[in-house]
Amino acid sequence: MSSTSVAPGKTTNAILRTENLRVEYRTRELGRSTKVALQGLTLSVNAGEVFGFLGPNGAGKTTTMNVLLGYVNATSGAAYLFDVNVREPIARQRIGYLPELTYYYKFLTAEELLRFYGRLFEIPRGEIDSRVDRLLKLVELEHARKRPIRTYSKGMQQRAGLAQALINDPDLLLLDEPTSGLDPLGRMKVREIIQRLKNDGKTVFFSSHELGEVETVCDRVAIMNSGELKVTGRVTDLVAEHQCNLEQLFLKIVGYQPQPV
Amino acid sequence: MSKIFAVAGVVFMELYRRKDFYVLFILTALITVVLGAVGDQQAVGYLKEICLLLIWVSSLVIAITTAARQIPAERESRTIFPLLAKPVSRAQVLLGKFAGCWLASGVALLVFYIFFGLVAASREHELHLELYAQAVWLHWQALGIVTALTLLGSLVLSAPAPNITIVFIISVGCLYVSRYLHLVAARMTEPGQTITGVIYYTVPQLWFFDQRALVIHNWPAIAWIWVGLATVYGALYSGFFLFAACLIFRRKALN
Amino acid sequence: MRDRLLLLLLLAACFTLATEIEPRLSAYARDTRSGGDFLTAFLGESGRLFANHFAAKADAYYHRGNYPSIFELGARPTPHPGEEGTNAPAELPATNAPSTWIERFGSHFTPPPPKDFGTTNDSEETLPWYRLSLELDPHNIQNYCTAVFVLRNKLGKSAEAERVLRDGIRENPNSYELLYYLGLIYYEDRHDIARARNVWELAAYRWREQEVKKPHPDVESLWQIADQLGNLEESQHNYADAITWFQIARNVSRTPQALEQHIDALKAELNAKGK
């Protein structure tokens with residue numbers, strides 16, 4: 001299947017766009033040869049907004065992230081970042097990715113890790129030096145910059161992760177459960193950083209289970225269930241339309257029936 | 001290219017922060033020194049042979065074990081995800097891993113051969129620099145082929161252990177047995193004769209690069225044109241294995 | 001449950017195999033080797049394989065590294081023996097021309113076999129390998145003989161050659177070859193006639209004990225022993241004994257006519273002396 005690097009025709013304000021994205025996995029279950037993880041997902045995220053990507057476990061959020069990051073190829077449909085097909089490595093030049101769990105080279109120090117990733121973005125050496133200093137200060141890891149990451153606590157590793165997500169001064173930040181496992185103080189800090197990024201005109205796309213947080217920071221949300229996009233729109237508009245808060249809307253969409261007490 | 005070298009740099013750092021290289025070097029040095037102290041003081045070849053054998057074994061261990069764990073370790077520790085979230089292709093990652101392993105093996109090789117040169121020169125009271133240079137260069141080319149083969153194996157086999165075992169067996173076979181397969185084939189009946197013949201012509205003939213005898217017996221230096229052609233031969237095999245590895249890696253699931 | 005049954009079955013099979021193999025292995029391993037050192041204990045019977053390998057290594061060093069592999073030797077005619085009457089490392093037959101492009105390419109990395117192999121330096125380099133080989137397989141007579149040849153004929157180290165021979169005789173008390181070489185050292189190097197005579201006569205006795213009954217006895221060795229004894233007695237003017245030994249040598253010699261002439265000459269001497 002050939003795919004054009006740049007979306008044919010128009011350039012839109014949507015810096016993240018999927019068109020009828022379908023992802024199927026081969027499965028070993030009896031009676032089924034493939035499992036459909038995403039069914040015809042069409043989604044767009046505009047520049048400068050904070051976009052929440054919600055759904056229960058198995059809804060297709062991680063699969064969507066994996067397609068956007070180029071880990072997985074879509075079975076059909078296409079996805080674009082900055083109008084560049086995600087299959088091209090260059091599509092990731094202007095994004096930053098913060099995974100849910102900290103997966104970094106344990107034998108490297110935070111400073112070495114940032115320098116390494118900076119080189120992958122082909123940032124000039126002098127620029128890397130100043131960014132590394134600034135980011136380590138931002139995430140409060142200056143005191144531990146020369147220590148290997150395996151000596152860091154979980155919180156420190158997550159802060160190192162945030163620093164590496166920002167090394168290229170990304171225009172789009174992809175966050176996978178950014179507040180998972182953090183204490184309330186940690187969550188507050190993440191919220192502040194997201195707000196700061198938004199004020200700087202960056203776009204943030206994050207998946208989360210923390211509906212309260214999503215309702216606070218997000219401009220728009222999309223709710224997935226069983227591989228399908230169920231609803232998308234501005235938080236205030238959805239709440240007004242369905243006459244309930246985001247949590248109740250979420251539960252209604254996923255088909256949750258409360259048990260009588 | 002800078003991305004490839006960036007990945008190579010991380011591989012390099014990993015090797016020199018692990019203990020493997022230092023343990024192997026100390027072991028080689030210790031065995032050589034002990035043998036040199038207790039053995040026949042007149043015979044130098046014996047000492048050179050033992051030392052070079054240890055160097056070959058150690059270098060193969062370093063090259064194969066380092067390369068075998070690159071991709072599986074990235075997948076197991078999940079560091080492959082933030083890596084591929086950067087604007088770097090899987091081919092670049094693989095080439096970077098190859099470059100890192102090969103360069104690291106080369107540096108280890110230099111250290112081993114410098115030690116060897118000192119030991120040999122202390123007995124022979126002369127240093128055959130040209131011979132050593134040829135031996136080191138060709139040895140390094142052999143490690144390139146082995147590294148590329150191991151990386152390919154790491155993408156075909158899920159665990160490092162079987163990959164390491166198989167590549168070791170193939171490497172030893174290509175060093176000691178492959179050059180005689182046509183003689184073996186001549187004495188076989190079909191279809192064994194054809195199969196053995198095909199294997200003879202397709203496996204990398206690593207014995208071209210094994211110039212221990214050159215150094216031990218102080219043979220005349222090889223004409224540099226042949227060293228160059230052997231380098232091209234090695235590069236072709238390494239390139240082929242890497243190309244196959246890139247094709248497989250492109251389609252491989254990351255978890 | 002199935003795994004346990006399989007395990008039990010495997011255990012039973014292993015036990016059966018062990019009871020089958022053990023008596024044969026005990027009979028095979030029953031030898032007189034003293035072998036109490038670490039290497040011998042560690043390697044066991046596989047020590048012989050290594051011993052042969054190290055002996056081949058020594059030969060390779062004698063030829064300055066240019067040495068055919070077992071595959072190439074298998075594909076060539078049998079090598080010629082070394083200098084007659086000695087145990088010099090064998091001369092290698094001429095190499096075949098490369099038959100494939102791989103061989104042709106590889107030939108540029110190996111120099112042609114040297115014509116002047118076996119120099120003092122080459123001989124020195126063989127010693128550690130012979131030492132290892134003899135350590136691992138002290139019952140390989142040929143290796144003792146070759147090592148002694150190198151030590152004595154090439155390096156002039158007669159005392160060390162004698163020591164090696166004594167070690168060999170300790171391990172192989174019935175070896176007439178080793179006794180013969182010891183006799184040579186006593187006769188040619190020490191000029192100890194009495195001892196040389198005793199040792200060679202013992203060698204001849206051992207030869208008779210072992211070889212006479214064989215369908216193809218080792219007549220070459222008998223010729224060497226008898227010829228040397230004949231020369232010894234002749235040098236001591238014991239012509240009668242010399243004639244006896246030369247007659248034995250003549251009976252097994254490849255060139256009996258030359259010996260016959262020599263015997264006749266000795267008989268004439270004896271007759272002249274008698275008169």
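A crossing of two helices is called left-handed if the near helix is turned anticlockwise from the far one by less than a right angle, and right-handed if clockwise. In this predicted model, local features need pLDDT of at least 70 and side-chain atom pairs count only at pLDDT 80 or more, while totals for chains, interfaces and linings use all residues. Residues are numbered from 1 along each chain as its sequence is written, and chains are lettered from A and ligands numbered from 1 in the order in which they are written.

Chain A has eight helices and 10 strands, helices being DSSP runs of H or I with at least four residues and strands runs of E with at least two, numbered from the N terminus. Its radius of gyration is 19 Å, close to the 18 Å that the globule rule gives for 261 residues, so chain A is as compact as a globular protein of that length; the radius is taken over C-alpha atoms, and the rule is 2.2 Å times the number of residues to the power 0.38. Along the principal axes, the C-alpha atoms of chain A fill a box of roughly 50 × 50 × 40 Å.

In chain C, the axes of helix H7 (residues 141-154) and helix H8 (residues 158-171) come within 8 Å and cross at roughly 165°, where axes are lines fitted to C-alpha atoms, for helices over the stretch in contact, and angles run from 0 to 180 degrees between N-to-C directions. H7(C) and H8(C) are therefore roughly antiparallel to each other, a term for angles over 145 degrees, and their crossing is left-handed.

Key: Angles under 35 degrees count as roughly parallel, over 145 as roughly antiparallel, 65 to 115 as roughly perpendicular and the rest as oblique.
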